[in-house]
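The sequence and structure come first.

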Amino acid sequence: MTIRKKLSKFFWSNHTFQPSAELTAVSNLELLLSQQLESMSTEYMAVEPLPLIENATLHWEFHNVRKYSRAINFVTSSFPCLLVDGVGTDGALSLMADLYDKYGAVNDLWT
């Protein structure tokens with residue numbers, strides 16, 4: 001399986017939303033982004049208070065939060081049309097990139 005297929009599987013398979021030919025591409029991406037944010041928020045709330053991620057299950061959840069942050073950064077940077085003009089999203093996107101980097105540093109220490 002190629003990296004792209006794995007990425008696509010992660011993008012779409014973790015969500016109740018499935019892309020629809022009846023929606024525009026932008027509408028499908030907006031729904032995808034919304035699902036990614038919601039899923040990341042749920043998993044983040046479970047992972048954030050953990051003192052350690054040494055257990056394999058906890059590490060998997062931790063890693064999923066990191067994957068969501070990467071996916072959200074990818075989708076928003078690849079499709080800036082998803083961001084509402086005039087709404088300050090720079091801070092949120094910067095925070096998401098920072099979370100990805102810091103979780104990566106923690107992950108590197110664990111693996």
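## Basis

This is a predicted model, in which local features need pLDDT of at least 70, side-chain atom pairs count only at pLDDT 80 or more, and totals for chains, interfaces and linings use all residues. Residues are numbered from 1 along each chain as its sequence is written, and side-chain values use heavy atoms, with hydrogens and water left out.

## Chain overview

The chain has four helices and zero strands. Helices here are DSSP runs of H or I with at least four residues, strands are runs of E with at least two, and both are numbered from the N terminus. The order of elements from the N terminus is α-α-α-α.

Of the 111 residues in the chain, 30% are buried. Buried means under 20% relative accessible area, exposed means over 50%, and partly exposed lies in between, with a 1.4 Å probe and protein chains only. Contact means heavy atoms within 4.5 Å. Among contacts between residues at least 6 apart in sequence, 62% join residues at least 24 apart.

## Helix 4

Helix 4 covers residues 90-110, and its 21 residues should span 30 Å at 1.5 Å a residue; the end C-alpha atoms are 30 Å apart, which agrees. The expected span is 1.5 Å times one less than the number of residues.

The buried residues in helix 4 are Met 96, Leu 99, Tyr 103, Gly 104 and Asn 107. Viewed down the axis of helix 4, the buried residues fall within an arc of 130°, so they line one face of the helix. The arc is taken from the directions between the helix axis and the C-beta atoms. Exposed on the other side of helix 4 are Asp 90, Gly 91, Leu 95, Lys 102, Asp 108 and Leu 109. The cover over the buried residues of helix 4 includes helix 2 (25-47) and helix 3 (56-78).

## Partners of helix 4

The axes of helix 2 and helix 4 come within 14 Å and cross at roughly 45°. That makes helix 2 oblique to helix 4. Axes are lines fitted to C-alpha atoms, for helices over the stretch in contact, and angles run from 0 to 180 degrees between N-to-C directions. Angles under 35 degrees count as roughly parallel, over 145 as roughly antiparallel, 65 to 115 as roughly perpendicular and the rest as oblique. The crossing of helix 2 and helix 4 is left-handed, meaning that the near helix is turned anticlockwise from the far one by less than a right angle, whereas clockwise would be right-handed. Leu 37, Met 40, Tyr 44 and Val 47 of helix 2 meet Met 96, Leu 99 and Tyr 103 of helix 4.

For helix 3 and helix 4, the axes come within 9 Å and cross at roughly 145°. This crossing is also left-handed. Residues of helix 3 in the contact include Phe 62, Val 65, Ser 69, Ile 72 and Asn 73, and those of helix 4 include Leu 93, Met 96, Leu 99, Tyr 100 and Tyr 103.

The 23 residues of helix 2 should span 33 Å at 1.5 Å a residue, and the end C-alpha atoms are 32 Å apart, which agrees. Its buried residues are Asn 28, Leu 29, Leu 32, Leu 33, Gln 35, Gln 36, Ser 39, Met 40 and Val 47.

The axes of helix 2 and helix 3 come within 9 Å and cross at roughly 150°. That makes helix 2 roughly antiparallel to helix 3. The contact involves residues including Leu 33, Gln 36, Met 40 and Tyr 44 of helix 2, and Phe 62, Val 65, Ser 69 and Val 75 of helix 3. The crossing of helix 2 and helix 3 is left-handed.

Ser 69 is found in helix 3 and is buried, with a relative accessible area of 0%. Ser 69 and Leu 99 are 30 residues apart in sequence, with their C-alpha atoms 7.1 Å apart in space. Neighbours within four places in sequence aside, Ser 69 is in contact with Met 40, Met 96, Leu 99 and Tyr 100. Asn 73, in helix 3, is buried with a relative accessible area of 18%. Not counting residues up to four places away in sequence, Asn 73 touches Leu 93, Met 96 and Ala 97.

Leu 82 lies in the loop between helix 3 and helix 4 and is buried, with a relative accessible area of 10%. The C-alpha atoms of Leu 82 and Ser 27 are separated by 8.8 Å, at 55 residues apart along the chain. Apart from neighbours within four places in sequence, Leu 82 is in contact with Val 26, Leu 29, Glu 30, Leu 33 and Val 75.
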